[in-house]
Amino acid sequence: MPFIGRSPKPTEDSNFTTRRKDTFTSDSSTTQFTLSKAVGHANDIAVFVGNVRQEPNTAYTVNGTTLDFGSGNAPATGLDMYVVHQAGTLESSVVPADGTISTAKLADDSVTGAKIENNPTIAGKITATGGITFGSDTAATNVLDDYEEGTFNVGIKVNGAEQATEVCKYVKIGSVVHIFMQATANNTPYFPDNTSGAAGQTVRVNTTAGTGQLPFTPKHSDQGMISFSRGVRQDDGTAWAGENFAWGWQQGNTQLYLGVNAPGSKYNIYDGNLDASTPTMLEKDAARSNVVLASTFTYLTDD
């Protein structure tokens, strides 16, 4: 039929004139009743007690499907009590009740940054599969696409015999890997030497998989100086106090090497696994039960 104004809102029954009615039994004690459908506002229903219409928000309130007369205001026993739903048949506002909108009701990517408070508190973890940018910078090379912390094992060989490994820590931020083999008051981390052999025995890095390799592949060849050492010296017998020892690595190879920071043509550190030259090799300086090689260093990776 023709009409003037906006199109009538259809109800669940697809009938523009049908209104839903809920009937309840009053007992002088019950103050809350469950409606047959959620209500957005007290004005969206007409509540009758004893055939007398009640005033919205004064005689009753609503929250979703709950009709509430308030403490001490239970309708008396025996009174006719019913509710007529008006929302959808009259031009009333249908406002979802607090806490009733689920994620399934929202379209993907429908919530923009403008709708999120400036300093939100997030419970749990944030997963950013595309990485994180800061400020107005959108350059792909400046996207922070990885952060992780973990451990890896490093052990030494004494006279060719592999010893027990020491757990070392790494922190990876983007393409930068930070390695921690830091000394403490107890001179750890130490690298156990079960042989406790005499001075002069060779000291190398384990080459068995999982016992002497960096956690990520180096982008460049470089070296990381050892800040504190004990139990080692240069292979030619030079006292450890007069030498700079270092961890070394090669581009594209995760294997760690150990030796003297040699000048000139010996830019990279080799420890006998690749080069047996005396200026780059280490050995035990005394009969000790462990070798201390404390250090922190940083390298780049494309992993």
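1. Val203 stands opposite Leu282 in strand 19. Strand 13 (202-205) and strand 19 (residues 282-284) pair in the antiparallel sense over 2 bridges. Here two strands count as paired if DSSP finds at least two bridges between them. Strands themselves are DSSP runs (E, at least two residues), and helices are runs of H or I with at least four residues, both numbered from the N terminus. The model is a predicted one, in which local features need pLDDT of at least 70 and side-chain atom pairs count only at pLDDT 80 or more, while totals for chains, interfaces and linings use all residues. Residues are numbered from 1 along each chain as its sequence is written, and side-chain values use heavy atoms, with hydrogens and water left out.

2. Strand 13 also pairs with strand 8, antiparallel, through 3 bridges. In that pairing Val158 stands opposite Val203. Strand 8 covers residues 156-158 and includes Lys157.

3. A salt bridge is a side-chain nitrogen of Lys or Arg within 4 Å of a carboxyl oxygen of Asp or Glu. Leaving out residues up to four places away in sequence, Lys157 touches Glu162, Thr202, Val203, Arg204, Val205, Asn206, Thr207 and Asn273; contact means heavy atoms within 4.5 Å.

4. The chain as a whole has 0 helices and 20 strands. Of its 303 residues, 35% count as buried. Among contacts with a separation of 6 or more, 69% are between residues 24 or more positions apart.

5. The structure holds 5 salt bridges. In one of them, Asp146 meets Lys172, with the closest N and O atoms 2.8 Å apart. Asp146 is in the loop between strand 6 and strand 7 and Lys172 is in strand 10, so this pair ties together parts that are 26 residues apart in sequence. Asp146 is partly exposed, with a relative accessible area of 21%, whereas Lys172 is buried at 2%.

6. Lys284 meets Asp193 at 2.2 Å, N to O. Asp193 lies in the loop between strand 12 (190-192) and strand 13, and Lys284 in strand 19, so the pair links parts that are 91 residues apart in sequence. Both Asp193 and Lys284 are buried. Glu283 forms a salt bridge with Arg233, the closest N and O atoms being 2.7 Å apart. Glu283 is in strand 19 and Arg233 in strand 16, so parts 50 residues apart in sequence are tied together. Both Glu283 and Arg233 are buried.

7. The largest nonpolar core has 27 residues, of which Val154, Ile179, Met181, Trp247, Leu256 and Phe297 touch the most other members. Such a core is a set of buried Ala, Val, Leu, Ile, Met, Phe, Trp, Tyr and Cys residues joined through side-chain atoms within 4.5 Å. Strands that each supply at least two residues include strand 7 (147-154), strand 11 (176-181) and strand 20 (290-300). The largest share, 4 residues, comes from strand 20. Leaving aside neighbours within four places in sequence, the contacts of Ile179 include Phe152, Leu214, Phe297 and Tyr299.

8. A second, separate core of 14 residues includes Val62, Phe69, Met81 and Val83. Met81, in strand 6, stands opposite Phe24. Strand 1 (residues 21-25) has a covered face, Asp22 and Phe24, and an uncovered one, Lys21, Thr23 and Thr25. Strand 1 and strand 6 (residues 80-85) run antiparallel and are joined by 5 bridges.

9. An open sheet of 3 strands has the order 14-17-18, with antiparallel pairing. Its edge strands are strand 14 (222-225) and strand 18 (257-260), each pairing on one side only. Strand 14 is joined to strand 17 (residues 245-249) by 4 bridges, and Met225 stands opposite Ala246. Asn244 is in the loop between strand 16 (232-234) and strand 17. Asn244 and Met225 are 19 residues apart in sequence and 7.2 Å apart in space, C-alpha to C-alpha.

Terms used:
Buried means under 20% relative accessible area, exposed over 50%, partly exposed in between (1.4 Å probe, protein chains only).
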